Amino acid sequence: MSVTGVALILFLTFHGSMNLVALFSGDCYNMICEFLGANWYAVVATLGLAALAVIHIVYAFWLTMQNREARGTERYEVTSRPAKVEWASQNMLVLGIIILLGLLLHLFNFWYNMMFAELTHIQVAHDPADGFAYIQDTFQCPVYVVLYIIWLAAIWFHLSHGFWSAMQTFGWNGKVWFCRWKVIGIAYTTVLMLAFLVVVLAFAFGCAPSLCTSCCCGF
């Protein structure tokens with residue numbers, strides 16, 4: 001699970017960096033979308049990423065069920081939160097469900113209209129390579145903005161716990177580094193989620209520099 005988690009964090013890092021391009025240039029962002037598109041290497045990478053995500057989700061559910069069975073009826077006897085146990089650690093299943101639902105929404109808003117549309121030649125609102133237009137469309141809807149913020153918050157809680165937990169699994173959690181990995185994980189996760197959040201809010205409030213550029217070009 002740790003290996004799949006780290007791989008997904010690396011993907012999120014790439015995805016977040018790519019999204020930041022959309023803040024400053026719609027043309028550059030669309031060039032990246034077109035480069036990826038439905039090319040064979042992008043399709044292979046998407047299939048690999050999907051496999052990692054499925055393995056991660058299935059293993060997480062399996063691990064949660066194992067933990068519940070191991071505790072038996074004891075979980076009903078305790079009403080207070082155990083000391084030194086993080087909220088995220090106790091609610092990983094709930095966070096995982098929120099993240100999964102958010103992922104399905106994200107796939108519908110972007111992957112379906114872009115890579116899937118290009119592969120199947122279905123009619124969609126914009127050119128499949130025009131990711132910039134789909135960002136604008138998605139975050140002009142207040143409901144989607146709120147749902148994405150909730151989704152990003154859930155991912156933050158999940159990753160902030162999962163990052164240092166993975167370091168424990170790898171055995172990199174000596175007395176000195178235990179606290180350090182927690183701080184590093186929280187800091188990295190916070191910066192990563194802010195990269196996504198700033199794009200959502202910038203397009204929601206129409207203050208992304210790239211929007212000004214496109215308006216000027218259109219004029």
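Visitor: Where is the kink in α6 centred?

Guide: A bend at a residue is the angle between axes fitted to the seven residues ending there and the seven starting there. In α6 there is a kink of about 55°, centred on tryptophan 111. Helices here are DSSP runs of H or I with at least four residues, strands are E runs of at least two, and both are numbered from the N terminus. This is a predicted model, in which local features need pLDDT of at least 70 and side-chain atom pairs count only at pLDDT 80 or more, while totals for chains, interfaces and linings use all residues. Residues are numbered from 1 along each chain as its sequence is written, and side-chain values use heavy atoms, with hydrogens and water left out.

Visitor: What does helix α6 span between its end C-alpha atoms?

Guide: The expected span of a helix is 1.5 Å times one less than its number of residues. For the 29 residues of α6 (residues 92-120), a straight helix would span 42 Å, yet the end C-alpha atoms span only 36 Å.

Visitor: Which residues of α6 are buried?

Guide: Buried means under 20% relative accessible area, exposed means over 50%, and partly exposed lies in between, with a 1.4 Å probe and protein chains only. An α-helix has 3.6 residues a turn, so residues three or four places apart point the same way. The buried residues of α6 include Met92, Leu95, Ile99, Gly102, His106, Asn109 and Phe110.

Visitor: What is the phi of histidine 121, and is this residue buried or exposed?

Guide: Histidine 121 follows α6 and lies in the loop between α6 and α7. Its phi is positive, about 60°, although the residue is not a glycine. Histidine 121 counts as exposed because its relative accessibility is 69%.

Visitor: Why is α7 described as largely enclosed by the rest of the structure?

Guide: The description applies because seven of the nine residues of α7 are buried. Among them are Gly131, Tyr134 and Thr138. Threonine 138 has a relative accessible area of 5%. A contact means heavy atoms within 4.5 Å. Leaving out residues up to four places away in sequence, threonine 138 touches Asn109, Phe110, Tyr144 and Tyr148; Asn109 and Phe110 are themselves buried residues of α6.

Visitor: How many residues has the largest nonpolar core?

Guide: In soluble globular proteins, nonpolar side chains tend to be buried together. A nonpolar core is a set of buried Ala, Val, Leu, Ile, Met, Phe, Trp, Tyr and Cys residues joined through side-chain atoms within 4.5 Å. The largest one here has 34 residues, and Phe139, Ile155 and Phe203 have the most contacts inside it. Helices α1 (2-24), α2 (26-36), α6, α7, α8 (142-169) and α9 (175-204) each supply at least two residues of this core. Neighbours within four places aside, phenylalanine 203 is in contact with residues including Ala22, Leu23, Phe132, Ile135 and Phe139.

Visitor: How many disulfides does a search of the whole structure find?

Guide: A disulfide is a pair of cysteine sulfur atoms within 2.5 Å. The search finds zero. Cysteine 28 is partly exposed at 37% relative accessibility, as is cysteine 212 at 46%.

Visitor: How many helices and strands are in the protein as a whole?

Guide: The protein has 10 helices and zero strands. Of its 219 residues, 32% are buried. Among contacts between residues at least 6 apart in sequence, 73% join residues at least 24 apart.
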